[in-house]
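The sequence and the structure come first.

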Amino acid sequence: GNMSTCDLTWCINTGSWEELLAALQLPENRAELAKFASGASYLHQPTGVEYRLMHQEDRDQVFQLIASILATQEPMSTIGITVEEYIRYILGLFASTTYLPYTIVFKSGNEIVGAYLTNDHHTRQLPSLDQMSEDQLAFFQKAAPHIEIGTRAACVDPSPEASGRVINGYSDAIREDFRGKGIGRYGNAIRMALAYHLGFNLIFRICDNESSVMSGRRYFENGHMVLYESIEIGGVKPYQGLKGGKVCQFRHLNPRL
């Protein structure tokens, strides 16, 4: 593996997008970010957590971790999405995109304790209905509430015509015993700095809950919240009784030329 290191303390110590943008103008900071983009890792001494880009060989471990967290908690568990389905279909769709240069993993010792799955939005190819296998069709029917609320929460037009180059925070998860230490917030600062450094015009992510919103609030703008209980499909409210909702967070990065 790549044993080189970089220092992103300047990045995670910013308190807002404006501060981050100002810090990104300094050549010495961009040099450290360029090292990170080339595979160097950043160790945050106070938490002992190391940040680096995902490697191909991390895939099974990362996908298992993400699915075991997200499929076992609301809102995914509410509509009965299993860990296996999450890996096979939701992460299967992600795996067909360009993501390794943008996805950040969080490590403690030799263990991966979190990941921010991030991809180039324009490399996403949704299978058309006539190309889907029966099991895919069955899954997408089951996941209809998830797709519906995500579509309604989206407050940016991610098409290349409207937004240029777009990067998407696809699935974010941190192991429970590592939450509440600021790790998610630092991950968002690094992810946004990286997206800016790589020339993207827009970054967006859909948040499932309050803690996800909080981890990005210093850097992203918030769209409107779509309440879980507002979703109705075929006369049924699949999220009945689930409080809160989804919020799209976004930031326009490099101006389009």
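Is glutamate 221 buried, partly exposed or exposed? Glutamate 221 has a relative accessibility of 34% and therefore counts as partly exposed. Buried means under 20% relative accessible area, exposed over 50%, and partly exposed in between, with a 1.4 Å probe and protein chains only.

## Basis

The model is predicted: local features need pLDDT of at least 70 and side-chain atom pairs count only at pLDDT 80 or more, while totals for chains, interfaces and linings use all residues. Residues are numbered from 1 along each chain as its sequence is written, and side-chain values use heavy atoms, with hydrogens and water left out.

## Salt bridges

There are eleven salt bridges in the structure, a salt bridge being a side-chain nitrogen of Lys or Arg within 4 Å of a carboxyl oxygen of Asp or Glu. One of them joins arginine 251 to glutamate 221, with 3.3 Å between the closest N and O atoms. This pair links distant parts of the chain, 30 residues apart: arginine 251 is in strand β8 (residues 245–252) and glutamate 221 in strand β7 (residues 221–227). Helices (H or I, at least four residues) and strands (E, at least two) are DSSP runs, numbered from the N terminus. Arginine 251 is buried, at 12% relative accessible area.

Arginine 205 and aspartate 172 form another salt bridge, their closest N and O atoms 3.0 Å apart. Arginine 205 belongs to strand β6 (residues 202–207) and aspartate 172 to strand β5, so the bridge ties together parts 33 residues apart in sequence. Both arginine 205 and aspartate 172 are buried. Glutamate 111 bridges to arginine 175 at 3.2 Å between the closest N and O atoms. Glutamate 111 is partly exposed, at 44% relative accessibility. A network of salt bridges links Glu111, Arg175 and Asp177.

## Nonpolar cores

A nonpolar core is a set of buried Ala, Val, Leu, Ile, Met, Phe, Trp, Tyr and Cys residues joined through side-chain atoms within 4.5 Å. The largest has 38 residues, and those with the most contacts inside it are Leu8, Leu20, Phe36, Tyr51, Phe106 and Ile190. Helix α9 gives the largest share of this core, nine residues. Contact means heavy atoms within 4.5 Å. Beyond its neighbours within four places in sequence, leucine 20 is in contact with Trp10, Cys11, Thr14, Ala189, Met192, Ala193 and Tyr219.

Tryptophan 17 is in helix α2 and counts as buried, at 6% relative accessibility. With neighbours within four places in sequence left aside, the contacts of tryptophan 17 are Met192, Tyr196, Arg218, Tyr219, Arg251, His252 and Leu253.

## Helices

Helix α4 (residues 59–70) has twelve residues, and its first and last C-alpha atoms are 16 Å apart, close to the 16 Å expected at 1.5 Å a residue. The expected span is 1.5 Å times one less than the number of residues. Buried residues of α4 include Val62, Phe63, Leu65 and Ile66. The partners of the buried α4 residues are α5 (83–95), β3 (104–108), β4 (111–120) and β5 (166–174).

Phe140, Gln141 and Lys142 in α6 meet Ala144, Pro145 and Ile147 in α7.
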